[in-house]
Structure formats: C-alpha cells, structure tokens
Amino acid sequence: MFYREAGQYKTTYQSDMAIFPLRQDRIGILIILALAYVAVPLMASDFILKTIMLPFLALVLAVIGLNILTGYTGLISLGTAGFMGVGAYACYKLTTLFPEVNILVWILVSGFFSAGIGVVFGLPSLRIKGLYLAVATLAAQFFLQWAFVRIPWLYNYNPSGAIEVPLRTVFGVAITGPTAAIEVKYLIALTFVVVLTWVASNIVHGRIGRSWMAVRDMDIAAQLMGIKLLETKLLAFAVSSFYCGVSGALFVFIYLGGAEAGTEFGIRLSFIILFAVIIGGLGSMIGSFFGAGFIVALPTILKFGLPAIGIAITGAIAEKIVVMVIGALTIYLLIVEPHGLARLWQIAKQKLRVWPFPY
Amino acid sequence: MKTTRLALGLGLGLVAGFAAVSPVGAQESINFVHNTYRTGAFSGSGIPVADGVRDYFTMLNNRDGGIGGVRINFEECETQYDTRRSVECWEQAKAKNSVVYVPWSTGAALATIPRAHIDKMPIFSMAYGLSAAAVGSTFPWVFNPPLTYWDGASVWIQYIAQREGGLANLRGKTIGLILLDAPFGREPIPVLEALAREHGFTLKTYPIPPAEMQNQSSTWLAIRRDRTDWVLVQGWGAMNPTAVREAGRTGFPRDKVIGIWWAGGDDDARPAGPDARGYLALSWHQVGTNFPVIQDIIRHVVDRGQSNTAREKIGENLYNRGVYQGILIAEAIRNAQRLTGKRVVTGEDVRRGFEVLNISAARWTELGAPDFAAPVALTCADHNGHHAAFVIQWDGTKWNRASDWIRPDRARIRPMLEEAARAYATSNAGWPARSETCDQPS
C-alpha cells in the first residue's frame, strides 16, 4: 500500500538507471543511514559495537570484494584472507614507516597494495576456470600466509612475530590503538563501508559491472561482443583485492588491534567469507551485507544471546551448532536458492509492493 | 508467510543480542570468565586444561564455599583457539566483571594486552603469550609465570648438558629443533642460537608448517641425515603426537627427544604406543593424583558427578596444569582480599594480588599440593619469576619425573626480555608509563 511506485515517472535515462529507482527505497536508505550513524552509537552497548558491529563492518568489505569476483565475474577465489592480510601488513608497514601521514589515508592506500598482489595471482584466471582457479587462488592463500610468517621485515622484526597497532590520531582524536573510543572506531569503519559500498554499487551497475557479468555468464560470448577478457578479469581481481585489502586493514587496525602473523588470515577465514557470499547471495550488494551480518552475528547470538534469555547452552555446543547451521544453509542455498538471503529480501519487497492485493 | 517468519526471527535475534549485555544478578560472588577451546583443531589440548581449572574452582566452591567465603562464579567462554572469538570473550569477561582474563592463545594475548590497563582487567597467560610481558614495569597488567619460552630453551640445554656430562661436552654436538612454523614455534631460536655460539654446538631448525603438522616423515629423514644428537620439540596440537610417532618410526632414540611443556600432554605420547616409551618433555608441576588437592577434587567434584573428565584421566599432565593455573589465580584472589579487606574483589584488586603472589614450599603444602610445583613468587618488576622446571619421561602409560629442578639462566634471559619490552613500548606509540603503585608483599 505504502511501498508502491505508482505516480513515480521516469523521464530521463539517468532516473531509469538509478540504483534506487523507488522514492520509498531512497527514504529507506536514508533512514538506515541515520540509524547507523546516530542511533547505533548512542544506543548500542560497547559489547554490541565491539563484538558484532566492528567485525561486521570490517568483514562486509571483504564479502563485497569476493562477491565482485565470484558473484559478478564468476571467478571463484579461496585467497580472500591472504589478500586481507596483504592489506593489513601493508597498512602496518606504511604507518610505521611514515607515522606522520593520516592513518585513514594508509588504510585506503593499503588496498592498492592488495590490488597489485591480487592482479598477479589473478593472471592464471585467463586460462583456467572453476575448480582449477580455486586451487590457484588457494596457492595464493598459502603463499601469502607463509610470507607473513617468514618475512620478518613485514612485522618489523618483532620478537613475538605479531603486528601491534600503534596509537594514531586525526585532528587530535585517537582513531587506532587501545585508547581510541569504540564509537569513533565504529563511525570510521561505517564511513569506509558506506563510501566503498557506494563506489562498488556504481561500478557494478555501470559499464564495467556489465562486462563482468557478461564474462560470468559466458566468456566466449563476452569476447565476441568485444570485451577484452584479460583486462576485465584482471580488473575484477584488482577491485576485489582492493576491497579485501581495505577490509583486512580495518580488521586489524580498527577491530582487533593486533594480529599474530599467519593465524588471523588463514584459510578458515577465506572459507567463512566464501560462505558469507553464498548465504548472502551471489552477485548482490545487499546480499553481501546479509551474508556478513549472518556469519558475524549468528555465533555471538547463539553463544551469549541464548543464555541471556534463559536458554542454557554452553559455548562449545553453540559453536558446534554454528558449524552445522552454516554448513547446512550453504548447501541448501547453493542447491535451492543461489541468490541467497538477498533473494528472500527481493521476494519480500515484491510481496510488499502488491500488498494487500496479491494479484 | 516466509517473510513474517524471517522478520520474527530477526527481531528475536536482535532482542537476544541486546539482552546478552544486561548485567547478571548481583549476588555476592566473584566472577571469573575463562577462555576454553573444547571445539576446533586444538581441542585435544584445550579440553583437559579447561577441565582442570573448572574442577578446581568447583572444588573450592563445594569444599570451602568459594574463596574467603565468597563463591566463585566460574564461567567458560569458547574460543576455538580463534582470535576473533577470543576478543569477543574479552568483551564478555568485561561485561561480566571478570576479575582476570585467561587468553589461552598467543594471538588472544597479543590482541588484548593493549586493552588491559584501560578495561582494568589483568591478563594471566601462564608460560605462553608475550614473553616480554614478564617485565612488570612495562606491563603492570599482564602476568606470565612461572617461566617463559626463553627460560625453557635455557632449561633444555642445561638438561642436555647434565645427560652429556657437562656443558663442555656439548662442543661438536648437533641439536635439532622441530618447531611449529609460527611465532610460538620460533620463540626459543634466539636463545638457542646464543647458547650454540657459547657452547660450540650446532643448532639445526626444522620448521613444520601448520598445514603439515601431521606429515613429518621428510623432517625426520633430514634429522637422521644431519646426524642430530638431540631433538627439541616446540609444538602444540596435532604436531606433538606426530613427532613422537615419527621418532619411533625412524628409530631416533626417544629419550633424546625433549618437548616444551606444551608438548607434554598424555595424548601427545599415548597414540604412538610402545614407540613413545622414553619420550621427554619439560614441565613445572607433578602429574598424578597423589596430592590432597587432587583427592579433594575427586571427593567434592568428580564423585558428585560434576566433572567433565573421566575418573581415570584425572591427574594427567594437562589436567594438573589446569589445576596449577587454578591454584595461582585463587591465590591471587586471596591476596587481593587480604590487601583490600574487601570480600568481593575487582580486577584491579586481583592485579595487586598477582603482584604479591608468593607460594612458598610451605604454602604449597597448605594448599594441599606438597612438592606439586616449585615455589612461585612474583614482584612488581618481575611478572614471570623465571622459576625452575624439570623433565618428565613417558614410560609407555604415564609420565614420570626424570630430573631434578633445573633453574633457567635468569642473568642471560632477563636483559633480553627487558630489551623486548622496551621495543614493544617504543613501537606502540603512546604506551603508558607504569602508574600503578606497588604493594609490599607481606
């Protein structure tokens, strides 16, 4: 009744191509942004901010990154965590070498280092596909993880082999390091996510995104239409790795505050992000948010939420349930609904559009 | 219909998430949230340790009504040896006013050390984590007794010297180090290298990547080829039983293979069967049930069916290590009660309790653990103590003590640790100078 486009006419190509063609959607996104920027920092407790919101915001960029590669371009990758690690270590090296430069600049710049590495490991994607590409990116994952442990220059010869996040301020406000306020960290991460999501959304809706989808649907046909496969695939790897790199930098600098070499960015994280992409929905921006939210929030809610409302469940059992739920859901969605939770969202919107008259 | 159910589920989830942080009912009790890993790749080592700590505090509650008449509200937080979950457990411990945080993983310790002085919750990482945290003047909130990996390296070499008939006889020998290819595994290398230069032995390192923990046959072939005289094992999890089995398979004398204290679980040696007989490991506490404190646990906890561990596994090495950790933490809580005169103490009080920790041989007997472990004493400057350790040997069914107490070379280790602590403070710009006052031990 309220969610209907009747009376909203599109008179230009621009308005027809808009990301949010419905006025209700535009209002909705503004309300969500207002909630995220004002209500959440004011209302949510430190616990929610730290254990759900920060990891969610950090990981959602990696999920978007992998979604660009796997969901939009159809190239499967198991090296996501490795590329995140490149971002984290690049940011660490940059900010310790040039401490006077604004840390926010370095977080963004570290994405480019990751993009460079991503392009190198993306080169085989021109020749190999599917499972074989997954194995090639798996090699990237193992190599990068090996490098984080074996090249002491990367962690400044720290005897504990870890990278520790130093205190960095912008305009006198602590942003990273232990003394930074959790609300500040949250707002920084949120801003990165909002801006980068907006950029990604525009890329995938434009010419580049269309060429990626053409490659995904049939690369020979795409080639016949004049899309250069090498450039397109490498661009997808670069953009995807850029997002993963920024995500990794945020993960360590804004969320964890320190990382042991080689354990944080393991193969396990690569798989978790892949599952988030599948559960959220392949080839969907909103799906990336659903997937990351689901993966981050489910264990926490099961482990701390259920006991708090009186359902006695031990942490060990909760962890086992999480593994079972995520595994079952991944298989179920792959078979039944490859578009994941995003598709459910779309169905809900469609239903709402015709409500209360279903026909 | 599908959408309403989805909305309902989301709503419930949100309610549950927010409810998670509402404070628990404030009865008179001391809260202690303890990290465990009963699931995941390292659960084999995590479960006995967790059961030991848990049973010790349950025993204190059942036998004495807690500590100083205040019940200990012991809770577990499952981490799967995963740093992200461990950070979540830090937040959970903070929300529940836990008096101490026990990371049980190096990654978790590193991630939380910078928060300790801000959230006023001390960190207790027993013989793991950041070695430099031994320097109490730089890390007032972190405690890692009874000894560091660097001390462990020193004890290793002293033990080998004892067996070889003196440090002079080490000249020309080859000592191999099998290590997990991670920061934890490489910890002893600087000390071993320095000792190798000094005493004239050759150090060979054999790194094992985490993904290859259970595939060490080529490593052990290389050990044979290099004519290695002694093999040291710096491993954790599935790497240890594999090393013991491969030593048996290649015929390397098992009584010349020495594990670090984390390579001394009963389940590290047992799977190799008779091949494991003679395998050595470092330890700093006894195994077995012949201690009043363990008997009390059996009487007050196990016999009441409140333990997760089977009766015959009580007293195994890693279980007793959990008990040892429980004793140290309980003693710190007791000290805190004595220092402040309060019954219900906070994390800040327990930090002071740790700094005056002093368990003498007589005190060990009072605690029901005569000769269970060496005396432990901490000071404001020294949060580790560099206490003595000994070697235990597997006889095919259980561990037996195989050496006297060996003191690490404190004079050599301490300056290295102080240097590392200085480096930590300078690389973490804004690291605060110690402002906590120092209590006099009584």
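## Sheet, interface and a kinked helix

In chain B of this predicted model, 7 strands form an open sheet of mixed pairing, running in the order 6-5-7-8-9-12-13. Strand 6 (202–208) and strand 13 (399–401) of chain B lie at the edges with a single partner strand each, so one side of each has no neighbour in the sheet. From one strand to the next, the twist averages 30°. Within the sheet, strand 7 (residues 230–234) and strand 8 (residues 257–259) of chain B are joined in the parallel sense over 3 bridges, and Val231(B) stands opposite Val257(B) of strand 8. Helix 8 (residues 217–225) of chain B packs on this sheet, where it touches strand 5 (174–180), strand 6 and strand 7 of chain B, and its direction makes about 170° with that of strand 6.

Between the two chains, 41 residues of chain B are in contact with 46 residues of chain A. Among the elements that give two or more residues to the chain B side are strand 2 (71–78), helix 3 (83–95) and helix 15 (410–427) of chain B, while helix 1 of chain B gives the most, with 8 residues. The make-up of this chain B side is as follows.

| Residue class, chain B side | Count |
|---|---|
| Nonpolar | 18 residues |
| Polar | 13 residues |

Note on methods. Residues numbered from 1 in each chain as written. Chains lettered and ligands numbered in written order. Predicted model: local features only at pLDDT ≥ 70, side-chain atom pairs only at ≥ 80, totals over all residues. Contact = placed C-beta atoms within 7 Å. Helix = DSSP H or I, 4+ residues; strand = E, 2+ residues; numbered from the N terminus. Nonpolar A, V, L, I, M, F, W, Y, C, P; charged D, E, K, R; others polar. Pairing = 2+ DSSP bridges. Axes fitted to C-alpha atoms, helices over the stretch in contact; angles between N-to-C directions.
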